[in-house]
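Welcome, and thanks for taking a look at this one with me.

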4 protein chains.
Amino acid sequence: MRKLKIAVIGAGVIGKMHIRNLVKGVEGAELVAVASPSMSKHSEWLTSLGVVNQFADYKEMLQKVDIDAVCVCSATTVHLDIVRHVASLKKAMFCEKPLDIDYQRSKEIAAIVKEAGVPFQVGFNRRFDAQFSQLHKLVSEGEIGRPQVVKLTSRESELPPRGALQSAGNVFFDIHVHDFDMAQYLMNDTIERVYVEGGAIADPSRADEEGFVDTTVITLKFAKGGVGTVDCSLLAVYGHDQLAEVLGSKGLAKLHNTKPTTVEVFKEDGVKTDKPYFSCLDRYPASYAAELAAFADSVLNNKPVRVGAEDSLRAERVALAADLSLREQRPVNIKEVI
Amino acid sequence: MRKLKIAVIGAGVIGKMHIRNLVKGVEGAELVAVASPSMSKHSEWLTSLGVVNQFADYKEMLQKVDIDAVCVCSATTVHLDIVRHVASLKKAMFCEKPLDIDYQRSKEIAAIVKEAGVPFQVGFNRRFDAQFSQLHKLVSEGEIGRPQVVKLTSRESELPPRGALQSAGNVFFDIHVHDFDMAQYLMNDTIERVYVEGGAIADPSRADEEGFVDTTVITLKFAKGGVGTVDCSLLAVYGHDQLAEVLGSKGLAKLHNTKPTTVEVFKEDGVKTDKPYFSCLDRYPASYAAELAAFADSVLNNKPVRVGAEDSLRAERVALAADLSLREQRPVNIKEVI
Amino acid sequence: MRKLKIAVIGAGVIGKMHIRNLVKGVEGAELVAVASPSMSKHSEWLTSLGVVNQFADYKEMLQKVDIDAVCVCSATTVHLDIVRHVASLKKAMFCEKPLDIDYQRSKEIAAIVKEAGVPFQVGFNRRFDAQFSQLHKLVSEGEIGRPQVVKLTSRESELPPRGALQSAGNVFFDIHVHDFDMAQYLMNDTIERVYVEGGAIADPSRADEEGFVDTTVITLKFAKGGVGTVDCSLLAVYGHDQLAEVLGSKGLAKLHNTKPTTVEVFKEDGVKTDKPYFSCLDRYPASYAAELAAFADSVLNNKPVRVGAEDSLRAERVALAADLSLREQRPVNIKEVI
Amino acid sequence: MRKLKIAVIGAGVIGKMHIRNLVKGVEGAELVAVASPSMSKHSEWLTSLGVVNQFADYKEMLQKVDIDAVCVCSATTVHLDIVRHVASLKKAMFCEKPLDIDYQRSKEIAAIVKEAGVPFQVGFNRRFDAQFSQLHKLVSEGEIGRPQVVKLTSRESELPPRGALQSAGNVFFDIHVHDFDMAQYLMNDTIERVYVEGGAIADPSRADEEGFVDTTVITLKFAKGGVGTVDCSLLAVYGHDQLAEVLGSKGLAKLHNTKPTTVEVFKEDGVKTDKPYFSCLDRYPASYAAELAAFADSVLNNKPVRVGAEDSLRAERVALAADLSLREQRPVNIKEVI
């Protein structure tokens, strides 16, 4: 069975996670090399995993190693350069989200890969989660009739460090872009208008931090007439709360949090169960492996990728509109920002 | 044990419900008379329940029967006249919500009862539901720390008949006024700004009906900085879906739907449980009796009522702002409409 | 609407509960008198409830008050005398379980009421609980096919005081007779063989107490071939744990504990929900009122009672066999003890 | 990182499952060869997985390939011969349960491996399941105080083919040996007495089949005084129902079924969720990989295995006693059968 030879560029939190998955085994894929500008920091760890091909310069890596596809996990702002280079080599790419924190540059990326005609998948891993994909399947198959309302809960267990959000664009680009993609995916529709209410509510002491927003309620209006709401918090102390539901003309489909175990403890002071997982890495491990396996399958078997650059643009422009809505305290039509 | 002698004015759906509860037994209260302009229609039923004092004219009833308090269940637009008359007799009143569909008239009612100094309770029954009151208690006691986000789901099982909403003001006055009250009650805070997205989404064929809106997502901004979301549908075919949660600095408190039974049936094609109750009358029966018992307790023992005219005004002006927001597609500050 | 005039004999825990229900309102029934040998202790309380007819001697009560039916809540060992007397007056009876702690005397009671031809209902209240009756209904209607296995959990929150069980016969007569009735009711079948394993496991310090058994696992064999298990504890510190399920050829029907509220609290150390109710009085309040309403309906409308003396005998002889099984460490056939 | 070189003997359902896991990746282990007497049937499949070393004769395999440890997945009755041979080569063994269907031969296996001093782990995979191991951990750590009652549900989705159970010893050796191990593991205690009620209840048409029993209720008495119950069915049409709970002096710990997804669908006719998994292979996949990883860790790092031959003997003799109990309709003391 042929395996897709994947090289990872970037060894931060997400890069490491993909590397670990590839070493552990992703169906149809094998890790052949890793490049990171700060390779000296990662080298020992990579060696312990048996990763022999280590490079500080990704261009050098692409020259020296036999590579089918690249997994782009660098800082978001470097995506464009990498994509341009890899596309010129006509290699397939799996790229982390968002494409860029500047929507115009994201469009450039989309144009480059389209022109180059290389397979290009974006890392919206939640689509590959068993819960969310079952929900999507039920809605798509008409189980609940015509979809009318989508509702997402998107909460994190701890605040990002000072400055982190700003360097990642903002909370909408860095985190809620997942929710915008999921909302459109579940509704099989496009968001037309967005309104955001929120602020530094969980930690008002950071209200002065440029672009810091920890709590928002996002209202969505879809092209076919449906509506949606996403409630977001970066500081839900009990865990990574991830809920979704779609209300339709024939009923409601709803997923719940997965938890480490189902064990209940009944005592004199009440009944206790596990809290949700701590972070997306704990909650969605299988989905990260599954998205790479799907990517390998697409490239090896010449199938269209399951989440492309256009999907990312569709989510990123909602992020852009959401940021504008919050700043100007008004509903924003997506077409204003395209 | 002295019981409060209550007369009911109005024998529509809600009037009948209160009458039935009073006949069945509400702690501290007894039904002494009923008045309804269409008494001929209700007389036989009332007689079968043992209600002897039946009147077409409520003024006549108040003259002839020894009455401590009146339960106002008439059409909303008649509240003002009744309240004015009953207040002049210095009798206590329990009045269904909203006070009026015209906020200025509602303020008039509040002013009348304040001036008359009579006990006046408004029918926000959900505050007396065991689930909601436990949620409120936990939040008030600081169990989840400082409240940051309130989230309500408010869905009905079937659409109102054509014209019904308009004659009840609109969906915000008639139904979601309960949600506005609950949101403020749970957050122990006042709504400052509201934004509504929605329309005739469940039944687009009724888009032409003046004021018809079946599906909305309502965003709330509170005075102390918290936010909220209420997702509303008048056509959730699976039942009266009533959820609430409050996220705070120390955790989340959340209530679930109550259901007729806990029975699960496991079969080859899946596991099946009861759907939620059909309507508010099925879901909240105990709360309707409890609010009257609380009212009787307040009047008999000279305690302040637990939900007063001011509470109703606070919810009604949010309804007014919500309607404006939907019409003008913009966030509306509550102070615009006071 | 005519109401059944009920007199209660006995004002212990169960007697008080029925009195309270009747005062609060049981459909089709009204409380007309109470008799208790220790009336001086109860008189003030009864007067506060508005119960005028108070007697120390139940025979005097039956002479002096116009009574349709008697609710027998005396000490179990006195049931026989009372039943004999009331039957001679041809009045209907609702009698608490078990009929007697001596199976021969229970049979005498059954014979007396049969001969007298008076309506006679036994207090197996769980049959009137919404959860259990829904489970029974599903099984009876064939929803799960042919019933094969019944499983009950029957746990109490606290140990009875020293000596209490022995004076009530034993744990099988006093408590698990409910489970034996329920097992046969749900399976629509008769228990043929029983085996009990258990002892003073929760509180080994009471192993010396004659007849004290706090924890048992009871195995049941039914006439039509099905089997069952009841796990019992008198000391489940977290509450009155009451579960039931029936496995059949087409699936499984299962009920869960009802709880005070559905509220969940999510915090850093886990998710907490309500524990089950403390005792049968908290768990089954509606069923106690419902069984009296059903009794009133049977007597007033000349319908057969829903739980008769024969049902009680069927459960009591299982209790007798269970006690023998535990003492002799062997399975016991019910026909040995009839 | 050194990996344990494992060869699998046997390529039936369980052998294939272990082979698949080893190919997919088991931490610390690698598959180096497979032997099966019917290798011609399996060869193509093994080749497709990249398994090069294929043998019809396991002795030849052990001679020709560099092997650290053997995973014994042959027919149960051949275990003894294989174990004797492998032990003589001083290699570590992972052996499927039960050791044998004849308890005397099982004891022989235990004696051989003890004498040879080779690491020997038995395939009680449920101990490595996240749910069961969390339950065990809570009980061991004293979270629920002194354990008093253990309760297991053990149901299969479909009947084994005619003759299958008999050739596997009987239902107690083949299937419920898992439950006996788990009951003792959770209670951290030894079963002293067992009583079984049951028969061909789900499929009475197979009552004539020698040793066929599809439904049982098993009562357990433990050495330290606790009790237990296991309810078993081989035909629960809704799925592989696997429940466990332990009641202790301070509370109850209870696990629930895991299910494919958490998705709920609410419709007019009720709310539907996933049924449990179909079989142990679907329910426990992670535990099968985890037991092999633990075995590799034990062998590589010279730690005692986590489930040894003695554990298997302790469970097998309960199976033996259970079979006797059912045949003779009496409680059987374990010491009778040792």
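1. A word on naming before we begin: helices (H or I, at least four residues) and strands (E, at least two) are DSSP runs, numbered from the N terminus. This is a predicted model, in which local features need pLDDT of at least 70 and side-chain atom pairs count only at pLDDT 80 or more, while totals for chains, interfaces and linings use all residues. Residues are numbered from 1 along each chain as its sequence is written, chains are lettered from A and ligands numbered from 1 in the order in which they are written, and side-chain values use heavy atoms, with hydrogens and water left out.

2. Let us start with B:Asp189, which sits in the loop between α8 (171–187) and β8 (191–199) of chain B. B:Asp189 is buried and yet has no salt bridge. Here buried means under 20% relative accessible area, exposed over 50%, and partly exposed in between (1.4 Å probe, protein chains only). A salt bridge is a side-chain nitrogen of Lys or Arg within 4 Å of a carboxyl oxygen of Asp or Glu. For B:Asp189, the nearest side chain of opposite charge is B:Lys224, 4.8 Å away; Lys and Arg count as positive and Asp and Glu as negative, with His and the chain ends not counted.

3. Which residues does B:Asp189 contact, leaving aside its neighbours within four places in sequence? With contact meaning heavy atoms within 4.5 Å, the partners of B:Asp189 are B:Gln184, B:Phe222, B:Ala223, B:Lys224, B:Gly225 and B:Arg314.

4. Next, please look at where chains D and B meet. Each side brings 14 residues: 14 from chain D and 14 from chain B. Together chain D and chain B bury about 1,300 Å², with 59% of it on carbon and sulfur atoms. Buried area is the accessible area (1.4 Å probe) that two parts lose on being put together, summed over both. D:Phe266, D:Val271 and D:Lys272 supply 37% of the area that chain D buries against chain B, more than any other three residues.

5. B:Asp269 forms a salt bridge with D:Lys272, and their closest N and O atoms are 3.4 Å apart.

6. On the side of chain D that touches chain B, β13 (264–267) and β14 (270–273) of chain D each supply at least two residues. The largest share, 4 residues, comes from β14(D).

7. Over all chains, the structure holds 100 salt bridges. One of them joins B:Asp129 and B:Arg283 (3.0 Å, N to O). This pair links distant parts of the chain, 154 residues apart: B:Asp129 is in the loop between β6 (120–122) and α6 (130–140) of chain B, and B:Arg283 is in helix α9 (residues 280–283) of chain B. Both B:Asp129 and B:Arg283 are buried.

8. In chain C, C:Arg162 forms a salt bridge with C:Asp208, the closest N and O atoms being 3.5 Å apart. C:Arg162 lies in the loop between β7 (147–155) and α7 (164–167) of chain C and C:Asp208 in the loop between β8 (191–199) and β9 (215–222) of chain C, so the pair ties together parts that are 46 residues apart in sequence. C:Asp208 is exposed, with a relative accessible area of 59%.

9. A few backbone details deserve a look as well. Most residues other than glycine have a negative phi, and most peptide bonds are trans. The peptide bond from C:Lys97 to C:Pro98 is cis, with omega near -15°, and C:Pro98 lies in the loop between β5 (92–95) and α5 (103–116) of chain C. B:Gln329 is not a glycine, yet has a positive phi of about 50°. B:Gln329 lies in the loop between α11 (309–328) and β15 (332–333) of chain B and is partly exposed, with a relative accessible area of 42%.
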